[in-house]
Amino acid sequence: MRIVLLGAPGAGKGTQCKRIVQRYGLLHLSSGDILRQQRAEGTSLGKKAQSYMDSGQLVPDQIVVQMMIDAVKKAPAAGFILDGFPRTLNQAVELDNSLAHNGQAVDAILNLQIDDRMVAERMTGRRSCPKCGAVYHLKSLQPKVNGICDRDGTGLIQRPDDSPEVVAKRLKTYHQQTEPVVDYYNNNGRTVFDVDANNGADKVSDLIFEKLDAIDKA
Ligand code: AMP
């Protein structure tokens, strides 16, 4: 299966991807994770992406498209799930062209729908471990000791792009630049599965598995 997972930042794409990957044995390709990895390694791509990411803007297409198309080419036969890509109309078109070049296409598009207010609450309360990447939440997923990672005892941080001002900017960017991707797929005869992501994570997974099981068996 080749799956695209769309949805606003904070809609729970990362959590759902992990579960989907486990169930169907796909490769998880998160553009945000790959970009953060590039930054951590101090590559020239990571350095170019840094200021855009920290201010809630999208990294330019010419950087992200090649990076993701290269990653897709390395996917196993079982397939992949794209998390956070495509995020612009141009990225969606480039992805389609690249897959078509190899006689392939996206099999399923999942669109996690969530209210902006819920996103703001989820993201501004998020804290993560700079060492192992574990994610917590001030209200819904607290560590055992306040501010400290359960796994390795490192002090938790707020990602710069989870601050309230940047979250507002990321939501605006999402509505302006990423929502047209949903229209693009709908207008090109693809089935987009809308999933209500205001629900808890387990309910959202159930809704997703119901759709994907049907495709997997087809
Ligand atoms: P994420 O973790 O998916 O929310 O991504 C974090 C940041 O990485 C975003 O706010 C963007 O600055 C950048 N980014 C991730 N994916 C893309 C993409 N497909 N296109 C452009 N920028 C991206």
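Helices (H or I, at least four residues) and strands (E, at least two) are DSSP runs, numbered from the N terminus. Axes are lines fitted to C-alpha atoms, for helices over the stretch in contact, and angles run from 0 to 180 degrees between N-to-C directions. In this predicted model, the axes of helix α4 (residues 61-73) and helix α5 (residues 89-101) come within 10 Å and cross at roughly 30°. The crossing of α4 and α5 is right-handed; a crossing has this hand if the near helix is turned clockwise from the far one by less than a right angle, and is left-handed if anticlockwise.

On the α4 side, the contact (heavy atoms within 4.5 Å) involves Asp61, Val64, Val65, Ile69 and Val72, and on the α5 side Asn90, Gln91, Glu94, Ser98 and Leu99. Five of these contact residues are nonpolar, three polar and two charged. Here Ala, Val, Leu, Ile, Met, Phe, Trp, Tyr, Cys and Pro count as nonpolar, Asp, Glu, Lys and Arg as charged, and the others, Gly among them, as polar.

## Salt bridges between helices

The whole structure holds nine salt bridges, each defined as a side-chain nitrogen of Lys or Arg within 4 Å of a carboxyl oxygen of Asp or Glu. One of them joins arginine 19 and aspartate 202, at 2.9 Å from N to O. Because arginine 19 belongs to helix α1 (residues 13-24) and aspartate 202 to helix α8 (residues 201-217), this pair ties together parts that are 183 residues apart in sequence. Arginine 19 is partly exposed, at 27% relative accessible area, whereas aspartate 202 is exposed, at 53%. Buried means under 20% relative accessible area, exposed over 50%, and partly exposed in between (1.4 Å probe, protein chains only).

Another salt bridge pairs arginine 39 with aspartate 54, with 3.1 Å between the closest N and O atoms. This pair links helix α2 (residues 31-41), which holds arginine 39, to helix α3 (residues 44-54), which holds aspartate 54, across 15 residues. Arginine 39 is partly exposed, at 24% relative accessibility, and aspartate 54 is also partly exposed, at 29%.

## A buried pair and its network

Aspartate 162 and arginine 170 form a salt bridge of 3.4 Å, N to O, and both residues are buried. Through salt bridges with shared partners, Arg126, Arg159, Asp161, Asp162 and Arg170 make up one network.

## Basis of the values

Residues are numbered from 1 along each chain as its sequence is written, and side-chain values use heavy atoms, without hydrogens and water. Local features need pLDDT of at least 70 and side-chain atom pairs count only at pLDDT 80 or more, while totals for chains, interfaces and linings use all residues.
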